[in-house]
Structures are given as C-alpha cells and as structure tokens.
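Here is a short briefing on one protein model. Keep the sequence and the 3D view open while reading.

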Amino acid sequence: MADSLVQENKPKQILPENTEKTLVPQVEIARVTAPAGPRFRNEIAKYIIRRSSDCNLCGKCAEACPYGVHQLKPGYKLFSAPHQHVCIGPSCQQTDHYCIEKCPQKALKMVENPMLKAMGDYRWTPDMIMATWKMAETGDSPPPEYGFDYQTGASGGGFDRLRFKFPDKPPVELSEDEIDTSIELNHRNDGRPQIKIDVPWYGGGMSFGSVSNVTQLSKARASTAFNTFTCTGEGGYMERMRPYDEHIITQVATGLFGVREETIQRVRIVEFKYAQGAKPGLGGHLLADKVTPAVAKIRETVTGISLFSPFPFHSVYSIEDHKKHMDWIKHVNRRALISTKVSTPADVDMVAVGSYSAGTHIVHLDGGYGGTGAAPDIAKKNIAMPIEYAIIKVHRFLQQEGIRDKVTLIVSGGLRTSHDIAKAIAMGADGVVIGTAELVALGCLRCGRCESGRGCPRGIATTDEELSKLVDLEWGTQRIINLYSAWRKELVGILKSFGLRSVRELRGRTDLLMHLDYANDTEHGQ
C-alpha cells in the first residue's frame, strides 16, 4: 500500500505488557474498486419506462438500449420489469438508441419516478441519494447523462449556499499523481505516534445497537482499505472488530457502555464523546426493541431495556477533570491519541481551546445537521449551531491563541459529498467525519426509522437478525470502498482546479469560496 502506516514506533517499543497481549494479527483489505450493484431487483430510479398494452413484444427496445434497461428473456411471453436505475433518462433523446422513438408501436413512455416526491428531504435530495448509490456501485462520479444534481442539496442554507470559485484555468498544471490527500492527526510533538490517514475523513461513531454488526464491519473494512479510521460509537467493541484494531476509534461516552481497559488498549485513537450535534444536552438513546441479547452482552446491560446515556460525564465538571480523564486513557494505552467530540454551543471556541489545554490531539466538532433518524426532532432542529459557523469560529480563535497548528480540527454534522468535505476544509477544518453518507452507500433511503428495531427496510440500522442478513459483508465493504474512491477522485479534481498539491494547502482558504446570498465575492468582506 502506497500510503502505509507509519512504523517508526513498533508496539513492543511503546506498549506495556498488559497492552501487548490485546493485539492480534491485522487483516489488510485491498483498495480496489469493483462493481457492486444494487441488492434489489427493482432499484429506485429517477426515470421510469412505462409500457402500454400496444406493445407487440418485437424486442426493438431491447436491441436498441445499450444499458440493458429492457429485458426480454428467451422463452418468456412478456418483458421482465425494466432495469430502471441504469436508464439515463431524457438525455438519451440525443442519441441514436432512444427506445421511445425506436418502438414501432409507440408503446413506451418515459416519466419521472413519482416515488421521488416521497424520498429524501431538503438536505438529502433524491438526486443526492441516487448519485451516492451510483458512486457506491461504480467507484466513480455519476456520468453527467444521468442528470443528477448532487453536489448540493436544496436546504437553502449552509453548505448548499456555498460554492467554489473555480478559475477558468488552473494556476499550476498538476497531474493527479502529484496531489496528496493525506493528513496527519498528531501535531502536539508529545512523543506519541504520528498517525497519517490517506484521505481527510474517517467514519463516524455508529454503535452496535444503532446499526447492525455487518454495517459496523463494512465500515471498518473500508477504513482499513483506505488507511483511515472508523468509530465504534458508544456501544462497546465487538470481538469481530479485532482484525481491524489499527483502524478503529473506540469511544468513551457518558454511559460508559462496554468500556473496559482491554478495549481501550486495542486501538490507536480513543474518543471522549461529551455531546452529539444531533442531540446536545440529551445524551445517547437506544430504545428497548434494539437492545437484543447480543447488544446487551456487549453493553453489559439488560435485554429489552431502553438505554439512555446521561448528558454529562458526572466526573467531569472542569477542564482539570477533563485532563484527568485524558491522563487516565494515556496511561492505560501509551500509543493512543485522544479525540474530544463536542457539539457546537455558542462558546464552542472556548470549548476547543480548553480541550487542547487539557491535552487532546483532536478536537472533533459535531454540528446540528448530523445524526440519524433516532435523534428527536426537537433536538435536531433547534439546539446545536450549524457546523459551517462553528468551523470558522473555532479555526480563527485557535489562530488567535497561537495553537492552530498544534491541534487537529475535525468536523462533522451533515457532510454529505466530496464537495462538502472540501468546503469544510476550505473554511478551516483539517478533516471531517462522515456518517450518513456511508449508510446511504449501503442503500439507506433516509426514511428516518433508525430508532426502531425492525424499522429499517434495508437492514442497515437494525439489530434484528433476519433484517441484518439483507446486507452482505463483502458487498457492504465494496460499496463503501467505491464511495471513498469516487470521493477521493472528486477531491483531487477540486485541488487540481486550484493548483493545490495537497489537501493541507486547502485549509482555511475561504478566498476560494463564495456565498450565493452575498456579492458572490468573499474578497470584499462578504
């Protein structure tokens, strides 16, 4: 692997004996894109073909279509249901194989799928969902013929109102091989290992309980392929994750579910979760029908009982208490970096500086747009600061305090696309955490039933044994690898357009952005 892990500090040189015994041989996952088609025969499509009773089964449409939309199998009297999701829609009219015109009986009609009106929301539009599916299927950006408007949503605010000011011509001509997308996570020079990840993102905390074990493992295996990380969430640490320990962040949250000295020793990053942007001030929720025997065993609790984390750590009421917690982790695991996850209150800049002073390596800001369908609407829509405000606020305050280059600023909370990732970095973040987009890659419909044990129709955010079987581990891994590959290609394209050799050069470049509500020109103080 080109961007391999930094090996200067081998475990035996920096780990005490009681940590070494927890290590197991690590599995490598190839960073290879491969086709990973939809799981269901009739995948949701933007456009659908309707066939009238005038069809005489001549098969001209099947002969004309190079995408395999029409299926007339030998020995069958009727057409099979068309493969709608591969149809490129109205743009096919510009070709010589437009099935609507090729039909001699004029029995075909193309219409926009009425299901789209019920799918997604203003932040995750149907186009964005289907484009993410297409990237997860192929490992590339959706071809323009599909007509997906996916780089922004339709919320009318936040990242959806920000655009890059791309120059007509790059100031420096660079090849894609010259562009580096890696970032380093330890800037403290405290003797702890330097960790470099190959892409400026890692997977967000999704506990076993909130999602299935197959979903968790798919995320872990994809992060291994891309030399980045994924987070266990606050639900403990499955034994099946051991072969991927080097790419796992374990989370210490207020409920301390499944937290043990042994699990802390297994990883290279430990995250304290003080608050979540989707529900700040409320702590975590896992309702009773998701607490199966397997979930209860890992969380060391009782089957069928709802689990509510307290909002605060009852042992942390000051920066000094926060430092005490970090020192405890640093002693238990002498190779671990510490991440502090906080939401975005009005004084989030002071929170970030205080966390740095306590000894954290990574300040993780979680904005109000993130979270799953399990978070209460009253919290998701009314409490936390939008992440785009928090990024600039914290970035500038860290600069003023003279410590910006001594701490890694990671942000999350509603980052959906590679363009969102690039915008967040241009506003001042070092990297981002993603969550919902990984689930969409696995086929998530954004139906908002994540809190229910059997509510997820795609078997992603569920603990039900039968529903979990809907997702195959190899397929799930490949889908997320493909999404990561497509994102990295798009990010490299953005950097190439600006003549930037590294994603680190993009940090804080607000001059490359414009806001549609103003003069479209950030250079005039807008």
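The points below cover cysteines, a helix crossing and aromatic rings.

This is a predicted model. A search of the whole structure finds 0 disulfides. Helix H5 and helix H16 cross at roughly 105°.

**Cysteines**

- Cys92 is in no disulfide, and its nearest cysteine sulfur belongs to Cys99, 6.3 Å away.
- A disulfide needs two cysteine sulfur atoms within 2.5 Å.
- Cys92 is buried, because its relative accessibility is 7% and the cut-off for buried is under 20%.
- Cys444 is also in no disulfide; the sulfur of Cys450 is the nearest one, at 6.2 Å.
- Cys444 is buried too, with a relative accessible area of 16%.

**Helix H5 against helix H16**

- H5 spans residues 126-138 and H16 spans residues 473-497.
- Their axes come within 6 Å.
- The crossing angle is roughly 105°, so H5 and H16 are roughly perpendicular to each other.
- On the H5 side, the contact residues are Thr132, Trp133, Met135, Ala136, Glu137 and Thr138.
- On the H16 side, they are Gln478, Arg479, Asn482, Leu483, Ala486, Trp487 and Glu490.
- By class, this contact has 6 nonpolar, 4 polar and 3 charged residues.

- Phe272 is buried at 0% relative accessibility.
- Tyr274 is buried at 16% relative accessibility.
- Phe272 also pairs with Phe313: the ring centres are 6.1 Å apart and the planes stand at 75°, so this pair is edge-to-face.
- Phe272 lies in strand E9 (residues 269-273).
- Phe313 lies in the loop between strand E11 (307-308) and helix H9 (319-332).
- The pair therefore ties together parts that are 41 residues apart in sequence.
- Phe272 and Phe313 are both buried.

**An aromatic cluster**

- Which residues do ring pairs link into a cluster?
- They are Trp201, Phe226, Tyr484 and Trp487.
- Trp487 is also among the H16 residues that meet H5.

Terms used. Residues are numbered from 1 along each chain as its sequence is written. This is a predicted model: local features need pLDDT of at least 70, side-chain atom pairs count only at pLDDT 80 or more; totals for chains, interfaces and linings use all residues. Side-chain values use heavy atoms; hydrogens and water are left out. Buried means under 20% relative accessible area, exposed over 50%, partly exposed in between (1.4 Å probe, protein chains only). Axes are lines fitted to C-alpha atoms, for helices over the stretch in contact, and angles run from 0 to 180 degrees between N-to-C directions. Helices (H or I, at least four residues) and strands (E, at least two) are DSSP runs, numbered from the N terminus. Angles under 35 degrees count as roughly parallel, over 145 as roughly antiparallel, 65 to 115 as roughly perpendicular and the rest as oblique. Contact means heavy atoms within 4.5 Å. Ala, Val, Leu, Ile, Met, Phe, Trp, Tyr, Cys and Pro count as nonpolar, Asp, Glu, Lys and Arg as charged, and the others, Gly among them, as polar. Rings of Phe, Tyr and Trp (its six-membered ring) pair if their centres lie within 6.5 Å; planes under 30 degrees apart count as stacked, over 60 as edge-to-face and the rest as tilted.
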